[in-house]
Amino acid sequence: MSDTWTDRLSEYIDGTLAKTERGALEAHLADCEACRTTLDELRRVVARARALDDRPPASDLWPAIAEQIGVSSGAHRVVSLAAHRTRRRVTFTVPQLAAAAALLLLLGSGGAYLALHRPPAGAIAQRGDLTVSPVGWVEKTSSRYDAAVAELQSALEQGRASGRLDSATVRVLTQSLVTIDSAIVQARRALAADPGSAYLNQHLADTMRRKLELLRRASALAPART
Amino acid sequence: MLLNIAAVITLAVAQQTDTTVPVRPGMRLDVDNFGGEIVVKAWNQNSVRVQATHSSRDRIDVQVGGSTVSIRAESRRGLAQMVEYQISAPTWMDLNLHGVSTDIDLDGVQGAVTAETVNGEVKCRGGSGQVSLKSVQGAVMLQNAKGHIDVYSVSEGLTLENVSGDISAETVSGDISLEGIESASVEVSTVSGDVTYEGSIKDGAHYHFATHNGDVTVGIPDRTNVTVSVATFNGDFDSSFPVSVTNTTKHRFNFTLGSGSGRLELETFNGDIRLRRPGNLHDKHHDQEDN
């Protein structure tokens, strides 16, 4: 499923195609079921992203984790997601619509910590900010995501080293992270081979979100024995 | 011989606490435990009875506040380690239970439930309103509950039976089984495990079942009105009844049953997706029937 119009569908959704291109694409859609289906799926991604509740976390994430595992949180300023909410654009103007969905998912589940690292308002939706290469959004998204995951994992490791986290629990968490990482690797490979697949884009985004969610939940459950 | 000595020593230092406090409707029970278990059985009395087995060095602190009964163990030497709680509480009472290396077992409760543990199983028979059950290293089982249901585990499976309301069930490594479900909103996902669903598929409702490594099997009642989206990367689709596939892409296709009012999303990266009639979910090979 890939033709010359595939990468223009998101522009079509956003209404940014030139009038002549729009007419040509609509004519193409009338004859191409694959593109119609892809268009439907992209519209669903947009709808799902719009429906996401990027609620602020019940409590500021990082200070709670830091307190529970005994590391300083002073270097990490927590900002309000609510303050950012009104500035969030929910239009998607890049072929990799799932990039925005992934970021929103991560923000929704990862909370304030990731808010520290999110780009300026609207940046994720600006044309040219994301590369046009088929899996460019993965690379772009992953840099911030990986940084967040690495720091959370480091925090968990410090919790283990300090004895606040039971070694068996850390082992289970590590095994689970390996399981998720394996799934992420598989999804990335599949997406590289079929970058136009809305399912694979969404699946990768969901799996990445799950890794962050696991770290967040595990950190929240980690006992603070005082 | 060593075991016998250890048992004798344990018995020698074990202590029983048995106390009962009156409660008023609307009060909540909070229990915080490190190791051992929390067992709560509902009864029809407006009082909470706490029976605890613990070290003689520990003391069970039961505090009755304006809106809560709070139970925790305190130790004269450091932190209390192992406490086995057997608690009787009114059926209406909301429960807020937390443990570390603790099994949690609840029976007959009718109020809201929050039960979280790091290393241990969570079993709950009953519950209404907000029901949230979570464990890192332990299976989670919920029966006969209704309301907003949220169940989560990291390394074990989830089982829900005879549950109604909005449902969210998520684990990383483990199967997820749902039976006897009445719901208009079900969100289920695991990374490594099978997903099985048998319950209502309502008009206008939304159901999402996803796994990375595992099969997804769903029971579809007769005369169901739902639009089904099937996505798999390495796997097959198999239905015990005829379907007319539309909107096919490389990894996803859709079809409609009846009016297509509801929405059912089935996804597995490595695994098969099976549709069966209720009662035949575990049939590996289907016999085609008329839709």
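This is a predicted model: local features need pLDDT of at least 70, side-chain atom pairs count only at pLDDT 80 or more; totals for chains, interfaces and linings use all residues.
Let's start with strand E7 of chain B, which covers residues 94-109. Is E7(B) mostly covered or mostly open? Mostly covered: of its 16 residues, twelve are buried.

Now, which strands pair with E7(B)? One of them is E2 of chain B, residues 28-43, which runs parallel to E7(B) and is joined to it by 13 bridges. If you'd like a place to look on screen, find B:Val39, which sits opposite B:Asp105 of E7(B).

Next comes E8 of chain B, residues 113-119, which also pairs with E7(B) in the parallel sense, here over four bridges. There you can find B:His98 facing B:Glu116 of E8(B).

Then there is E9 of chain B, residues 122-126, again parallel to E7(B), with five bridges between them. B:Asp105 turns up here too, with B:Lys123 in E9(B) as its bridge partner.

Let's move on to the contact between the chains. Chain B brings 25 residues to it, and chain A brings 30. On the chain B side, E8, E10 (128-137), E12 (158-173), E14 (185-192), E18 (226-234) and E22 (262-270) each supply at least two residues. Which strand gives the most? That is E8(B), with three residues.

Notes:
Residues are numbered from 1 along each chain as its sequence is written. Chains are lettered from A and ligands numbered from 1 in the order in which they are written. A residue is buried if 20 or more other C-beta atoms lie within 10 Å of its own, exposed if 12 or fewer, and partly exposed in between; C-beta atoms are placed from the backbone. Two strands pair if DSSP finds at least two bridges between them. Two residues are in contact if their C-beta atoms, placed from the backbone, lie within 7 Å.
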